[in-house]
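Have the sequence and the 3D view open as you read.

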Amino acid sequence: MENRPLEYDYTVAKMFMLTTVLLGAVGMLIGVILAFQLAFPELNLVLGEGLAEYTNYSRLRPLHTDAVIFGFTLSGIFATWYYVGQRVLKVSMAESGFLMFLGKLHFWLYLLVVVAVVVSLFAGVTTSKEYAEFEWPIDIAVVVVWVLFGLSIFGLIGIRREKSLYISVWYYIACFLGIAMLYLFNNMEVPTYFASGGIGNWWHSVSMYAGTNDALVEWWYGHNAVAFGFTVPIVAMIYYFLPKESGQAIYSYKLSLLSFWGLMFVYLWAGGHHLLYSTVPDWMQTMGSIFSVILILPSWGSAINMLLTMKGEWQQVAASPLIKFMVLGSTFYMFSTLEGPIQAIKSVNAIAHFTDWIVGHVHDGVLGWVGFMIMASLFHMAPRVFKREIYSKSLMAAQFWIQTVGVVLYFTSMWIAGITQGMMWRAHDEFGNLAYSFIDTVTVLHPYYTIRGIGGLLYLVGFLMFAYNIYKTMSARPVEESELQNASPMGA
Amino acid sequence: MFHWLEKHPFFFAVGVFVTIAFAGLVEILPNFAQQSQPLVGTKPYSTLELAGRHVYIKNSCNACHSQLIRPFKSETDRYGHYSLSGEYAYDRPFLWGSKRTGPDLMRVGNYRTTDWHENHMKDPASVVPGSIMPGYAWMFKNEADVDTAYAEMLTVANVFSVPYNKPVPMKDGSTEVVKMGATLDEARAMALEEAKLVAADMKDQNVKDMVAAGKIPEIVAIIAYMNSLK
């Protein structure tokens with residue numbers, strides 16, 4: 001046996017880092033366009049009447065959500081897995097030609113699916129189910145990509161040197177299993193072309209479930225795709241990257257155990273809160289409400305565990321923009337997992353549901369927690385993967401503040417917009433008639449939509465700074481000779 | 001026990017799966033045991049209505065409009081009777097939506113007319129000043145996909161026993177039959193007949209010409225669908 005230090009192989013991680021940056025920029029750009037389309041409807045014709053069908057709000061909207069969820073976030077999850085997985089399991093991908101092949105296949109098939117999704121959504125080929133818009137041929141391809149991800153996880157675990165699975169690996173496993181289960185059940189559909197003996201479009205399908213049942217399965221999926229796509233794998237990232245970057249041990253192992261198994265058990269129940277006051281049976285709505293509130297415990301468990309990891313080392317927050325991203329990300333996670341349960345309380349939901357407050361909630365979570373944590377992870381990975389110090393620390397700090405202001409503008413404007421809207425919808429005058437017509441509740445939101453657009457634009461600008469910083473790190477900095485420890489080396 | 005699980009990935013994964021699947025089993029299965037029963041007065045969509053529903057889905061109308069009236073006075077005042085589960089028995093997929101950038105459409109057929117929809121889809125701000133909805137000019141040119149709608153009817157009739165060509169009970173005690181063509185050609189002809197009725201109430205010359213030439217523009221189909229929402 002050779003006796004030399006392990007050299008990790010980051011080929012696949014690098015590929016997914018690239019798509020994280022690229023698809024993030026695209027998804028966020030579309031988001032900014034959408035935000036301004038709501039404030040200034042003329043922008044629906046941004047490329048003229050001829051292309052209006054494709055630049056229209058309703059065509060771009062699913063493209064935005066899917067680009068950010070399945071483009072940016074999923075790429076980030078894959079990129080970090082192919083980095084973290086090797087390191088915590090103490091095994092290099094270079095040791096297994098098979099795993100390397102699977103990893104590359106995983107990437108290229110994923111890219112193919114991304115292209116298919118973009119083309120089909122522009123063409124208006126959609127099943128209409130939120131975050132599950134893809135028609136059956138793409139669904140099958142998605143399942144293949146997901147199986148490859150699973151094979152990579154369990155393959156790497158299979159040849160590991162480290163006996164015990166590190167906390168981050170628990171979360172990656174949960175991400176894989178959770179999404180697999182949810183995706184399969186929600187996307188059960190019958191292709192009409194084959195069931196009708198060859199009539200109509202071959203890609204068209206009809207859902208296996210009807211009406212209320214369909215809604216139940218969709219939101220069981222929809223909410224928990226957030227759980228296992230936006231919470232679980234991002235927690236995996238912070239459990240690895242924060243201790244690494246700060247050089248601090250995780251505050252409490254017991255707390256991480258408690259919050260992990262608590263999250264696993266509680267999260268799935270909460271999906272019902274999307275269906276309050278709908279035609280879903282009352283007991284399910286009540287369960288959805290109750291478990292959403294209980295969900296605060298495991299969520300805050302991980303967040304507090306992370307914040308306390310910085311105990312005695314808070315000066316690092318001031319010194320390092322990278323630590324700033326992670327700490328503010330955890331704080332936004334706490335904020336968002338408090339806001340969600342509040343919205344899931346029936347009386348609050350009566351006002352919040354169907355309004356922009358929900359949009360605000362999604363975005364303070366996604367921009368503040370998911371976005372910050374993925375960018376921080378990439379910032380941590382870049383010097384180690386490319387063996388160069390980060391191009392510019394001051395650019396990073398500027399990005400941090402610009403994006404933070406962007407997130408704050410975003411969620412505050414949406415809070416006000418949503419509550420205003422909810423209150424106006426339900427207002428009655430002294431004779432018991434409705435006080436406002438629907439359009440009154442639309443026009444009053446104009447200033448908030450504009451502010452939201454500006455907030456989103458700031459976040460996008462910050463993201464482009466991030467992309468530039470990563471690009472320059474790859475190309476402009478001299479190669480480091482020595483092995484990098486804890487804190488990431490940064491330029492001026 | 002947890003320490004042991006962390007050293008045995010297979011059992012760890014099984015443990016995680018059982019823990020996350022538990023809630024789904026308890027919450028979702030009971031509802032499937034009791035199949036969605038259609039409410040009296042709820043009938044399946046006709047070919048043209050279904051083609052219109054596909055246009056609605058294609059353009060993600062559900063991103064801004066809900067089809068779910070909650071049991072609040074403000075909502076029943078504004079939109080009509082609150083939603084009941086059985087009313088959705090033929091909705092595959094459901095189109096409740098999650099955001100109301102525009103108003104609810106569950107019972108829009110009760111209070112909007114064909115020509116209102118026509119003007120609204122062409123230039124929303126002309127009928128609703130201040131509207132932020134974009135126009136949908138291409139629906140006046142693109143042809144609706146009747147074939148796929150017919151394929152879907154065949155599928156749901158065969159696989160899910162949706163009662164086409166069968167008497168469906170109505171609220172006044174009578175019954176109605178929603179016809180499904182025996183062949184594709186028959187289905188196309190039936191959809192065209194339905195389209196002529198809608199187009200008769202419309203002003204757009206291009207639409208009238210298309211229907212006269214035996215083609216069905218998307219706008220006619222989507223209006224037929226919206227008129228069916230009651």
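## Pockets, a cavity and an interface

Let's start with the largest pocket: its lining divides into 24 nonpolar, eleven polar and three charged residues. Here Ala, Val, Leu, Ile, Met, Phe, Trp, Tyr, Cys and Pro count as nonpolar, Asp, Glu, Lys and Arg as charged, and the others, Gly among them, as polar. This is a predicted model, where local features need pLDDT of at least 70 and side-chain atom pairs count only at pLDDT 80 or more, while totals for chains, interfaces and linings use all residues. Residues are numbered from 1 along each chain as its sequence is written, chains are lettered from A and ligands numbered from 1 in the order in which they are written, and side-chain values use heavy atoms, with hydrogens and water left out.

A pocket is an open set of points on a 1 Å grid over the protein atoms alone, with protein on both sides within 12 Å along at least five of seven lines; a cavity is a set where a 1.4 Å probe fits but cannot get out, and lining residues have an atom within 4 Å of a point. Grid points are joined across faces, edges and corners, and a volume is the space filled by probe spheres set on the points.

| Space | Volume | Lining classes |
|---|---|---|
| Largest pocket | about 750 Å³ | 24 nonpolar, eleven polar, three charged |
| Second largest pocket | about 610 Å³ | eleven nonpolar, six polar, eight charged |
| Second largest cavity | about 80 Å³ | six nonpolar, no polar, three charged |

The second largest cavity is lined by residues of chain B, among them B:Tyr45, B:Arg53 and B:Glu152.

Now for where the chains meet. In all, 94 residues of chain A are in contact (heavy atoms within 4.5 Å) with 83 residues of chain B. The area buried between them is about 7,700 Å², with carbon and sulfur atoms giving 67%; buried area is the accessible area (1.4 Å probe) that two parts lose on being put together, summed over both. On the chain A side, A:Trp261, A:Phe354 and A:Phe438 lose the most area to chain B, together 11% of what that side buries.

How many salt bridges are there between chain A and chain B? The count is one, and it joins the side chains of B:Lys99 and A:Asp356 at 2.9 Å, N to O. The term takes a side-chain nitrogen of Lys or Arg within 4 Å of a carboxyl oxygen of Asp or Glu.
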